[in-house]
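Dear colleague,

Please find below the structure that I am handing over to you. My notes on what was found in it follow directly after.

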Amino acid sequence: MTTVIGVEGVNKTFKIHHERNQSLKERLLHPRTGRTEIFQALQDISFTVDAGETVGILGHNGSGKSTLLKCICGVLQPTSGEIRLRGNLAALLELGAGFQVELSGRDNIYLYGTMLGFSKKRIDEIFDEIVAFSEIGHFIDTQVKFYSSGMYVRLAFAVAVNVNPDILVVDEVLAVGDERFQAKCIDRIRRFQQEGRAILLVTHSGDQVRALCDRAVVLDSGRMIANGDVADSLKIFREALMRDNVAHEDVGNTGEVSIDAVTTASGAFDVKTGAAMRFDAHITSATAYSGNLVMEIFSQGGVLVSRTDRMGSPVNLRPGANVVSIEIPNLPLLDGVFDINLGVVDERGSNVIAWSEKIASMQVSYGGREGGLVELGTLIRQL
Amino acid sequence: MEDAIAAANASHDLTGAPVRVVSARIGLGRRLSNLWGRRELLRNLITSDIRIQYKGSALGIVWSMLSPAFTLGIFFLVFSVFLKNGIPNFVIYLFAGLVVWNMFFSGVMSATSVIVDRAGLVKKVSFPREILPLSNVGSAVVYFLIQLGVLILFTAALRHSPDWKFLLVLPLAFANLYFFTAAVAIVMSALTVYLRDLKHLTAVALQLWFYLTPVVYSYENSLAPALHKHGLTALYFMNPITLIVLTFQRTFYVSTTVISTVSHQPLTLLPTWGLAAFAERNLICLGFMIGLFLLALSIFGRLEGNFESEL
């Protein structure tokens, strides 16, 4: 496999001026005033992305993921280290930053396309495709300043994905547009994956990473704390998040709750579709704690099948060992292996106190003929 | 389906694709080749620049000629009619110099604040940043060519033919003008990010600079003897615009010595150098200008590292 992105020992420091003296007079009169603090945004980051791989970059706000992305896109220069890129790169960062609102959509397609590094000839070839994808229609010759914000973003997205870059960098832009447009974007990303292009997806949504990525890199305060398998990385990401919650929230007894194991009466995790599934979660808590228990079920394809209400399952943990019983009366899942994540969140459902990724996998067997993920028992009758 | 994917994979072999490196320093050679690689972007930026400038205005691109025409008219009125400088066909002399000055002025003025003005773009999209000031210089070149066309029509209408053999030196003088304007524009655009005052300072400095250049007066007829006496001639010629303006004036105005329309005495307006001397001086100047341009690019490279945090 060819390496398309090679990040080698990248460091990035910022100087933060506490008093901004940007006028000449200020600089001449007070050359030394104003403290300058050095902030290390990235610390010795190294990883590679091969052609055809989709890699997620996970991190909470301020972890340095946007800085890393800007370095990879070449918007920022690393303070030391280097990044090698093979092939064309298109970044879906801040869509439409290169637009000139006074110009028409048509002119902007050419301007933005060349800004991304593509030739006029190439843009000529795919012009119609871009217009079709953006769904702008006959407004293409209207000045961009009259576009709605949705049209603006759609046009930018259409240019970036239709120029067919070798490397696509996506930064939390999948939230743009209506649901149908989003589905179209995800579709396009999947097609990119099939065509063997490399994709770098930056997000703080674990679900998106699970659904799209082959591998994930986790950043925490500028350091790379994980680089590998999606499930492992997500686990580390959640743990890091939890650590931060402890640091920020001062909830006294947090961090001392842990989910140790999940057991069933029979010891096995086999279940038939439609049958009841019951298991016990063993939770140790250092002190008494009242919160909510959350369970997520994922298919092997990384699709979130179900997540319980974050505020709907209160548990009152006693100091020491606790057992919480979880029951699904009649499991509607079709055959396959499903992963279970368990977590304890606070009463408001906003902070994760303990999390256990992939604590168990259940094997569902199904005798019927329905296909997909769930059994609906659909009845079809001719009238 | 599988086959289609396999085919797509096969067609998507990147082994031979060029490798780009993002690192703390970009060498001058790479900087130049990056610029050359993005010449289409430069062209697009120039055309969009010009279109935006005149979008929605009734006269459109005609404005690019109207305002220089007014300046020309005012200078003519002041220096030839009110102050009676006695230079025959002064309007051609003035026009030849103004064409050069206008390009330098508009290129530098618009480029000075371009990086600050387009901070949104600079912080979000990756491209060689020096393309922004260069696109301003590019627009200035377009207006320059339009004005040059008007100048040629103008001299033809007055039946004042240029010195044909000097047309050979003109491209050389233009190259000097381009590289000098570009060098100043590139450095100023980067410095303004750190010192916002430069935008206003540049406007003032350019005003002074204009009068240090023999556009509205004749160097030979006014300053030359005094400067020569104190051995300061070289200092005056440190201003590269002077040589360029003189070359343009020599080409289009032609006569180096004329009879004053006021005192009826002979006036020496332009240096009496021959074609070879003009060519030689412009060539030497070109060497310096290209050096200056490269220096400007590397200064820009030094300064651009912190753009993101300063903008």
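Domain bounds, as used here, come from an automatic or database domain assignment. On that basis chain A is divided into domain 1 (3-231) and domain 2 (252-365). This is a predicted model, in which local features need pLDDT of at least 70 and side-chain atom pairs count only at pLDDT 80 or more, while totals for chains, interfaces and linings use all residues. Residues are numbered from 1 along each chain as its sequence is written, and chains are lettered from A and ligands numbered from 1 in the order in which they are written.

The two domains of chain A

The C-alpha centres of domain 1 and domain 2 of chain A lie 36 Å apart. Their contact (C-beta atoms, placed from the backbone, within 7 Å) takes 4 residues from domain 1 of chain A and 6 residues from domain 2 of chain A. Helix 7 (residues 206-212) of chain A gives the largest share of the domain 1 side, 3 residues. Helices (H or I, at least four residues) and strands (E, at least two) are DSSP runs, numbered from the N terminus. By class, the domain 1 side has 2 nonpolar, no polar and 2 charged residues. For these classes, Ala, Val, Leu, Ile, Met, Phe, Trp, Tyr, Cys and Pro count as nonpolar, Asp, Glu, Lys and Arg as charged, and the others, Gly among them, as polar.

Strand 18 of chain A

Two strands are said to pair if DSSP finds at least two bridges between them. Strand 17 (residues 336-345) and strand 18 of chain A pair in the antiparallel sense over 9 bridges, and A:Phe338 has A:Met362 in strand 18 as its bridge partner. The hairpin of these two strands has 6 residues between them, and A:Gly349 takes a positive phi near 80° there. Strand 18 (residues 352-365) also pairs with strand 11 (residues 270-272) of chain A, in the parallel sense and over 3 bridges; here A:Lys272 is partnered by A:Ser365.

A:Lys358 is also found in strand 18 of chain A. Most residues other than glycine have a negative phi. A:Lys358, although not a glycine, has a positive phi of about 55°. A residue is buried if 20 or more other C-beta atoms lie within 10 Å of its own, exposed if 12 or fewer, and partly exposed in between, with C-beta atoms placed from the backbone. A:Lys358 is partly exposed, with 15 other C-beta atoms within 10 Å.

The nonpolar cores

A nonpolar core is a set of buried Ala, Val, Leu, Ile, Met, Phe, Trp, Tyr and Cys residues joined through C-beta atoms within 7 Å. The largest has 152 residues, of which A:Val169, A:Leu200 and B:Val100 touch the most other members. Helix 5 (residues 90-112) of chain B gives the most to this core, with 16 residues. A second, separate core of 22 residues includes A:Leu317, A:Ile340, A:Val344 and A:Val345. Leaving aside neighbours within four places in sequence, the contacts of A:Val169 include A:Leu69, A:Ile72, A:Leu89 and A:Leu200.

Chain B

Chain B has 16 helices and 3 strands, and buried residues make up 38% of its 311 residues. Its C-alpha atoms fill a box of roughly 90 × 45 × 40 Å, taken along the principal axes.

Helix 5 of chain B is largely enclosed by the rest of the structure, because 22 of its 23 residues are buried. From first C-alpha to last, helix 5 of chain B reaches 32 Å, close to the 33 Å expected at 1.5 Å a residue; the expected span is 1.5 Å times one less than the number of residues. B:Asn89 lies in the loop between helix 4 (63-82) and helix 5 of chain B and has a positive phi of about 50° although it is not a glycine.

The contact between the chains

Here 33 residues of chain B are in contact with 43 residues of chain A. Helix 3 of chain B supplies the largest share of the chain B side, 6 residues. By class, that side has 14 nonpolar, 10 polar and 9 charged residues. Strand 4 (residues 80-86) of chain A and strand 1 of chain B pair in the antiparallel sense over 5 bridges, with A:Leu85 opposite B:Arg20.

With kind regards

Key. Contact = placed C-beta atoms within 7 Å.
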